Number of protein chains: 2
Amino acid sequence: MATSTTRTKRGKGRDKAAPARPTQKDIALAAGVSQAAVSLVLNKAETPSVPPATRTRILEVAEGLGYRPNHPARMLRSARTMTFACVIPDITNPFYPGLVRGLQAVAAPAGYDVLIFDTDGRPEREARAIDWLLQGRADGVVATFFHLRAPQLAVLARKGIPLVRLESQHKPDGPLAIDSVYIDNAEAAAEMTRLLIARGHRRIAMIQAEFGPSQRRAQGYGAVMREAGLTPDFITDSAYSEESGARAMKRLLERKGERPTAVFGASDVLALGAMEAARSAGLSIPGDIAIAGFDDIPVAKLLGLTTVRQPEFDLGALAAETLVRRLQPGGLEPPGKSHELKFEIMKRSSV
Amino acid sequence: MATSTTRTKRGKGRDKAAPARPTQKDIALAAGVSQAAVSLVLNKAETPSVPPATRTRILEVAEGLGYRPNHPARMLRSARTMTFACVIPDITNPFYPGLVRGLQAVAAPAGYDVLIFDTDGRPEREARAIDWLLQGRADGVVATFFHLRAPQLAVLARKGIPLVRLESQHKPDGPLAIDSVYIDNAEAAAEMTRLLIARGHRRIAMIQAEFGPSQRRAQGYGAVMREAGLTPDFITDSAYSEESGARAMKRLLERKGERPTAVFGASDVLALGAMEAARSAGLSIPGDIAIAGFDDIPVAKLLGLTTVRQPEFDLGALAAETLVRRLQPGGLEPPGKSHELKFEIMKRSSV
DNA sequence: CTGAAAGCGCTTACAG
DNA sequence: CTGAAAGCGCTTACAG
């Protein structure tokens, strides 16, 4: 009966058993000062307005009570979450964890946490990410969108939430432009295609995904093929996954007529799936069929996969640096900029 | 000059260019109702106290202004963050992304976001994670700690933050116990060791890491070795990484005397590093040396690595379900429970 | 220099 | 049934 008669404000939490976390008010009460004085002492390295003895007492009481600042309250009051969102298609794609680490490496020292939002590369999930960002969950965003375009992303800028896109090509700088970091995907794919041709391949197929960066990569590949008098041969599956890569490779192998001598996966996971399917079909790599990828995920080296190295850690770190800069006072003024990083062709045994 | 004379409360944000996000107050003003009525209509499916016409008007105005609830404010008021924290050693270890997806799969439909906190398996980072959790950043936690023990984690329970540990063995249930999900690591390693012995191996080395689950795995391996009259042969490196695995394998190969015919990596990434080092040394797998791992990360299949499968997605999902249940009213009462999931030995070509 | 007050945006108990 | 008020924990501008 008496359990529900608790009149105190502290009894309202979801759990009555746990002792309430001490607040600044509790410290103030115990130290005999105002709550504001507590806030001041706890947040400023120097507090000329508070006598040293009082300052010491406040700090001791805070320590004694095990005080920890209430993050939500801080967020509300200061209108800053000290959180970056990282919106990516799929954290299980080995390309992204490295990117996340790069982000964290810069974000953490600057005081920011990193929240991961997976979109699965689906338009409705990307839209949900925007909605979620508009709730004020993060101070800034690093994102890869497969479907949303600049006009749909403009709402973030309008609400003062800086965004850095992970892009697959240069975007023009300008007052309305969105910050981006990228490697030249078309040129990288072109260079890989040139390598395959130089190795004597003529029938080169590219496995691509329906959306995302494979489009730019396909352009580079297509251009070089045509330049060399060869016919581009695209085979498209839905996602950036080993399953998609294996499925595409199977379809290639089931075709009538001459089979390609080389397959260029628009991403490493696609190439990995292709390798698996090729081996299952009894083909040797690169003897019967050469395979190349794109990304240089950690296992690529172990598997001997020839691929395009994207500096994922550096991309993440650069994106985070850009956000940190934008969030400094006045940081929103300068126009959006596109930052290019260099790719590298990693020649291994699969080609 | 006039720029700093903005007297409105809204001019205080870090950026003056962006239009302020509309609040319930703005909607109330535009719709001619009280702010409380707006909150009610926006949050409840049915509002008997608000006339239908008013309800419709409020919803239209909210839509028109592009209203999104302010998440920090909600968190403060309701004392719920609707966020789960996932504290893990290293997101770039391919075991964890699958776990995170399992977590998200259950968390998202229940309305929870997932925040990743990497500890790098270092004690000071684990301590920082606890501190960070005590700031009220998440309603619940799924965590792998290499260093912190139950007494150091008890503070979370005291503050009403439910924790589910990813464990490597059964923990006794009980009122003070911590919820955990696990597979029987010792038994799994024992079974793998039996397999290696059954395949004729006598000199079997285990590559282990200094901290974390490899301890339990080492126990299972050691017990079976001794049972079979063989001498356990441990080689320890610092972390769960390919570099550590490769370094350990190199040290094994540089030893004088007979070299082991099989190497059991306490995790797949250690085994992968070992494979790489063995190949670099000109050894064939499994011809010259057999290699086994633990985890069954996605690439294990492709590399033909014989390993112990841990159902990482299911572990994450089960952990999230446990948290969701704990966070329901009264969910904190029942004693902590240990949930076991089954492992599976994946026999492939590396052994 | 010092301390009390306002207010961030929201939810919900409570008075009319 | 209806609406205004209190208050979550904090930061910071402002009055004495």
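**Domains and chains in contact**

Student: Starting with a salt bridge in this predicted model, which residue does R309(A) pair with?
Tutor: The closest N and O atoms of the pair are 3.4 Å apart. A salt bridge needs that nitrogen and oxygen within 4 Å, so the pair qualifies. The partner of R309(A) is E312(A).

Student: How is chain A divided, and which domain takes in residue 312?
Tutor: Domain 1 of chain A covers 19-69, and domain 3 covers 185-309. The remaining one comes in two stretches, 81-183 and 312-342.

Student: How many salt bridges does the rule find between domain 2 and domain 3 of chain A?
Tutor: The C-alpha centres of these two domains of chain A lie 29 Å apart. Eleven residues from domain 2 and twelve residues from domain 3 make up the contact. For salt bridges across that interface, the count is one.

Student: Which three residues supply 41% of the area that domain 2 of chain A buries against domain 3?
Tutor: Together the two domains of chain A bury about 1,100 Å², with 57% of it on carbon and sulfur atoms. On the domain 2 side, one trio gives more than any other three residues. They are F146(A), S168(A) and I183(A).

Student: How many charged residues are on the side of domain 2 of chain A that touches domain 3?
Tutor: Four residue pairs are in polar contact between these domains of chain A, counting pairs with both at pLDDT 80 or more. The domain 2 side has four nonpolar and four polar residues. That leaves the charged ones, and they number three.

Student: Now for the two chains: how many salt bridges does the rule find between chain A and chain B?
Tutor: Each chain gives 56 residues to the contact. The buried area is about 5,100 Å², and carbon and sulfur atoms give 54% of it. R137(B) and D113(A) meet in a salt bridge at 2.3 Å, N to O. Across the whole interface, the rule finds twelve.

Student: Where is D233(B) found, and which residue's side chain makes a polar contact with its side chain?
Tutor: D233(B) sits in strand 7 of chain B, residues 233-237. Leaving out residues up to four places away in sequence, D233(B) touches several others, among them I204(B), M206(B) and Y221(B). The side-chain polar contact is at 2.8 Å, and the partner is R255(B).

Key:
Residues are numbered from 1 along each chain as its sequence is written. Chains are lettered from A and ligands numbered from 1 in the order in which they are written. This is a predicted model: local features need pLDDT of at least 70, side-chain atom pairs count only at pLDDT 80 or more; totals for chains, interfaces and linings use all residues. Side-chain values use heavy atoms; hydrogens and water are left out. Contact means heavy atoms within 4.5 Å. Buried area is the accessible area (1.4 Å probe) that two parts lose on being put together, summed over both. A salt bridge is a side-chain nitrogen of Lys or Arg within 4 Å of a carboxyl oxygen of Asp or Glu. Helices (H or I, at least four residues) and strands (E, at least two) are DSSP runs, numbered from the N terminus. A polar contact is a pair of N or O atoms within 3.5 Å; within protein, one must be able to donate a hydrogen and the other to accept it, and residues adjacent in sequence count only if both atoms are side-chain atoms. Domain bounds come from an automatic or database domain assignment. Ala, Val, Leu, Ile, Met, Phe, Trp, Tyr, Cys and Pro count as nonpolar, Asp, Glu, Lys and Arg as charged, and the others, Gly among them, as polar.
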